[in-house]
Each structure stands twice: as structure tokens, then as C-alpha cells.
Amino acid sequence: MKVTLSALDTYETSFTPLVVIELAQDVKEETKEWLKNRIIAKKKDGGAQLLFRPLLNKHEKETLGSDNLYLVGASRVRLLLGAEALGLVKESVDGTMRTFTYSTRGSFRGFHDDNDDFLTMTECQFIVKHELENLRARDEKMIPGYPQAKLYPGKSLLRRLLTSGIVVQVFPLHDREALKKLEDSWYTRFSLHCQPIDRIRGYFGETVALYFGFLEYFTFALIPMAVIGLPYYLFVWEDYDKYVVFASFNLLWSTVILEVWKRSCADMTYRWGTLLMKRQFEEPRPGFHGVLGVNPVTGREEPLYPSYKRQLRIYLVSLPFVCLCLCLSLHIMMIYFDLEDWALRVHEESSTEWTGVLLYVPSVIYAIVIEIMNRLYRYAAEFLTAWENHRLESAYQNHLVLKVLVFNFLNCFASLFYIAFVLKDMKLLGQSLATLLITSQIINQIAESLLPYWLQKKHSVKVKRKVQALKVDIDATFYEQVVLEKEMSTYLGTFDDYLELFLQFGYVSLFSCVYPLAAAFAVLNNFTEVNSDALKMCRVFKRPFSEPSASIGVWQHVLLALKFILAFAIPDKPRHIQMKLARLEFESLEALKQQVKDNLSVTTRLDASWSRMILIIHKLDLPKE
């Protein structure tokens, strides 16, 4: 018999804080009361049936003058029922992976009535986030206290509160003790060892763990390319076969590593339970809006939106915008080539050390412009994809990835393809590849790791001084943690990290045959990337909400597509073979022409001889007088 939330008392007077909600400073009291009631109300009444309390009590608020931080948690029973609703997969006592149900909870390994560790803190926070995001308007026409913030049935309340500025942010809390243990086994001690992927998964969730697993795997997979590329770079010879052999090895290498990764990924996600999670009944994403109705498949109440409207938005607005951006990228690329020609002319007119350096300036400027354009386009792509109103988070991500990848691929690789197949200048191609690769790696390390870490360190010092100056009877340690974490940068997901790896994979697999050191630079970058990414996950960014994942998603098909592009770019026959075959074909054609000419000459001579013989016979046969 299925157990429902209505049949159980899921309220507790004290609870472990899991999630923090920060409201704006001037939010009205009636709005706070309404939000609290919606969060703690029972599911049957349209609530989330969670636990909710302010960070500070009344006396502490008066002392500190701050009352905009609230803590959200859930009872143990509520979390277990949430795990069932989300279809979380757990290991049963017989060793198999099964979808968790509350009624059969005793059949799962590690479950005891007095055990609070059956669900990890990451899973608990994911359940709370899911419930908050699925709080939807019913009969309300507006947010109480804010008549301009209109509501309609089916609208996500949290989404509306965020866009209205009433809710500043919602974020999960760090577990400082667990985080310290993770850091000690991950990056604080520099040594060549594999990352604790299972521990990363336990703390940050499957999506982040899969990224770090793929980053580590890809880095080690690059080592053979780097080892082979070194003698290719040192022993320079201008032979077309050199490029074909190395490019052929690239194709074989890229095929093998992707297939092996798929097997490794399946092994990990089965062990974690996400490989078996059923996603076809995925809940609508928070930003999805429409007329409130009943899903014909699940029978649940949710917003409904006609698919033809979404298709019209995609094909009449998004697609033309992407094409316009691609044309702009190509136009900027041609400006870059004009700058290259100008720098080359200056160098040829007065060959000095400065003009030699000037040859690299256009490539450096172009690399910086590429990074700026990629980041600006990303914001536009996010806005358009959200406006298209996709029902599922997976569909939203797929359309966003497609938009961004098409632009980034053209923006980063178009100039290299132009040099390789139009200009056919291998020296310029190697120079451009080296400049683009190294410049992009330096920019990413500074913008994504060093700068955020420096800013966060400055802010943490200010917060600690402020807390130490307080002379009030509060849990200063916990208060300091919440205040410090609310000011941290928000981790926006693995999208940018995978995009960086995708571009790196493209540089290495497509063009390292003309610059064999590309793989070596990628390996060096990735060794530092592992540690810098780990540092920013633990110390720079807020703890992200976990998201169950069974693979690296659309990025794995994307990489396969890049491999097929590589296969298309490599000719089936080496150039010298093509030249020899063309020569043989030309000689055969010439021989055939000569033979036809000779035959025609013989035929002409035979015809002349035959005519003379006929004439002689005719004369011999004339009658006598």
C-alpha cells in the first residue's frame, strides 16, 4: 500500500538546516508570512510540507538589525517520501540497484529506523530544492504585498519571487566537517593520485563528479598524444605524410578514448544508481510556464504549453539570431586576416625584433576577442533558450548546448579551417593554433580561478572581522558560515567547464598534426585545472544543488560528431599517392590519345593506298580501241 504525505506527521520543532533563503531587506511582513505558510503547508493544500524558520530569533534580529535569512529543512519521513517521489535509486540488501520506495524501506542496504545517514546531505538538499521549485500558484492573482507581481495558475512561485527581487537567492549549506575531509583527500596535498570521485559524488552530486571524472580521464588520455607529439615537434620535416600519419593517429585515439569513457561512465553511474533513474516522468523545470492542467501520462497537476508555439519561437526568432551571430563571427574573422596581412607587410618592409613580435599580435587580439564574443553570446543564448519555454530541464540544456556549441565551434575553429583549406599555409596554421590555445588557457585560468579566489579571500576576511566584533549571545560560528556563504559566487554548473574541454579536444584532435605540442600544453593546463577547479568548488563558490546524471549528456554525442569531422578532414590517400595516381591517369590518357592519333594516321594511309589501287585497277580494265 502506497504511503502518502497526508497520512504522516512530517513536522518537527527542531531540524537540521539544509537550504538558506535570502529575502530582500525591505520585504513586507505579510509577504514573509505568506511565503512561510506556503512552504510549511501540506502537499494536498498546495504547500511543500517542509520546515522553515528564521536564522536569528527576535532578540538577535534587534541586536544585529538583520532579518532576511531563513533556513529550510525537512523531517526524516518527508525526505524519504521525497526520495520516492523523485525515483532515487538505492542498493538493496541483495546487492541490486532498485528504485527506493517508503513502504519497502527496510529492504535497502544501510537503512535503519534510527539511522539518519541513509540519504546523503546532497540528496536531502536536492529533494528540498525540488519541492521549493514545484510550489506553484493556484488561486493567487498576485504576491501578497506586491500587486505589481502578478501570478497565474501554474506559475512557479520561487521563480516569480526571484524575478521580482523579493527572494534574492536560494542556496544549500556546506557541511564544514565533510568538506574538510574531502579537501584533505582531494587537492590540499599535491601528489600524483586519482581523485576521490565517489567522495566528490557524495558531497557535490553526480553531475559534478562526472565532470571531474571526465577531466581526469581526458587528461591521462592526452599523455600518449603529448609523448608522440614531442619528437614530431623537435624533428621538423616538411612532408605531407607527416600530417596524415599524425592526423590518422588522432582519429584512432579519439575513437578509442570516447568508447572507453562510455564504459567507465556506465560503471560509475550504475554504482551510484543514476543509470537506472527513469527520466521520462521528469518534473517541469522551474522556468516553465503555461496554463495549469493535468499531465495525461502522470496524472499530476502541472503547467501545459502548446509545442507549436515553442517551435515558432525556435524557428522564427532563435534560429535567425544564431545565423546572424555566425555571420558576425565570420566578418570579425576576415578582419583578423586583414590584420595578419598588415603585420606581415610591416615585418617584410623592416625586419626587426619588434616586427617579429608584431606577427603574433593579431592572433593574441583575435583570441581575446573570441573569448569576449563567446561569453556575450552565452548570455544571449541563455535568454533565448529560457524564452523558448522548454518543459524539461534536459530539453532546455540540450537546446542551450546546441546554440552555444554551433557558435563556439565556428568562432574558435573557422579561422583555422580557413588557413588549412583555403590559404593552405601550414606555418601560419601552427602559429595561430598555438596562440589561440595558450591565450585561451591563460584567460580561463585567470577569469575562472585566480580572480574569484582572490576576491573571495578578501571578502571572507571582512566577514570574520565583522562577526568577531559582535558582542551578542549567538552561535557565531554558524552565523558566520551562513553570512560568508551567501556572499560567495554562485556556481553556474558544468556547462562552461565542458565547453572548455570540448574546445581543447577540438584543438588537439583536429589541428595538433600541425602543432604537435598542443597535447602537451593541454596536459599541463589540465593538471592545474583539476586543482584550481577543486579549490573553487570548495572555497570560492556556494555549494551547488546536486543534479542526478547518468552520463556527461549531450557533450558525449558532440565529441563523437567532432570525431566524424576529423574523419572527413583526413584524406583517404596521402598526397604523394594522390599525385602519383593523378600522374598515372594523365599518362594513360596521353597514351590513349597518341594511340588514337596513330590509328587515325594508319587508317588515313590505308585509305589513300586503297584509293590508288582502285584507280590502277580501273585503268587496267579500260577497253581497247
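Because the model is predicted, local features were considered at pLDDT of at least 70 and side-chain atom pairs only at pLDDT 80 or more, whereas totals for chains, interfaces and linings use all residues. Residues are numbered from 1 along each chain as its sequence is written, and side-chain values rest on heavy atoms, with hydrogens and water left out.

With a disulfide defined as a pair of cysteine sulfur atoms within 2.5 Å, the count comes to 0 disulfides. Relative accessible area was classed as buried when under 20%, exposed when over 50% and partly exposed in between, with a 1.4 Å probe and protein chains only. On this scale C124 is buried at 8%, and C412 is likewise buried at 2%.

A nonpolar surface patch of about 860 Å² is formed by Y308, L312, Y315, L316, V317, L319, F383 and W387. The elements that contribute two or more residues to this patch are α10 (307-349) and α12 (361-387), and the largest share, 6 residues, comes from α10. Patch members have over 30% relative accessible area and no salt bridge; nonpolar side chains (Val, Leu, Ile, Met, Phe, Trp, Tyr) are joined within 5 Å, and like charges within 9 Å. Helices (H or I, at least four residues) and strands (E, at least two) are DSSP runs numbered from the N terminus.

The unreviewed UniProt entry lists, under "transmembrane region", residues 208-237, 243-261, 314-337, 357-377, 400-421, 501-524 and 552-570; its positions are given in the numbering used here, feature names are shortened, and such annotations may be inferred rather than shown by experiment. In the model, residues 357-377 are 90% helix and 0% strand, with end C-alpha atoms 31 Å apart, while residues 501-524 are 75% helix and 0% strand, with end C-alpha atoms 13 Å apart.

A search of the whole structure finds 29 aromatic pairs. The rings of F337 and Y418 have centres 4.8 Å apart and planes at 40°, so the pair is tilted. Since F337 belongs to helix α10 and Y418 to helix α13 (residues 393-423), this pair ties together parts that are 81 residues apart in sequence. F337 is buried at 6% relative accessible area, whereas Y418 is partly exposed at 24%. A stacked pair is formed by F417 and F421, at 6.0 Å centre to centre and 15° between the planes; both residues lie in helix α13, 4 residues apart, about one turn of the helix. F417 is partly exposed at 22%, as is F421 at 47%. Rings of Phe, Tyr and Trp (its six-membered ring) were paired if their centres lie within 6.5 Å, with planes under 30 degrees apart counted as stacked, over 60 as edge-to-face and the rest as tilted.

Positive phi values also occur at residues other than glycine. Q49, in the loop between α1 (29-40) and β2 (51-54), has a phi of about 55° and is buried at 5% relative accessible area. K424, in the loop between α13 and α14 (426-468), has a phi near 55° and is exposed at 62%.

Methods:
Areas by Shrake-Rupley, 256 points an atom, 1.4 Å probe, with all protein chains shown as cover. Salt bridge = Lys/Arg side-chain N within 4 Å of Asp/Glu carboxyl O.
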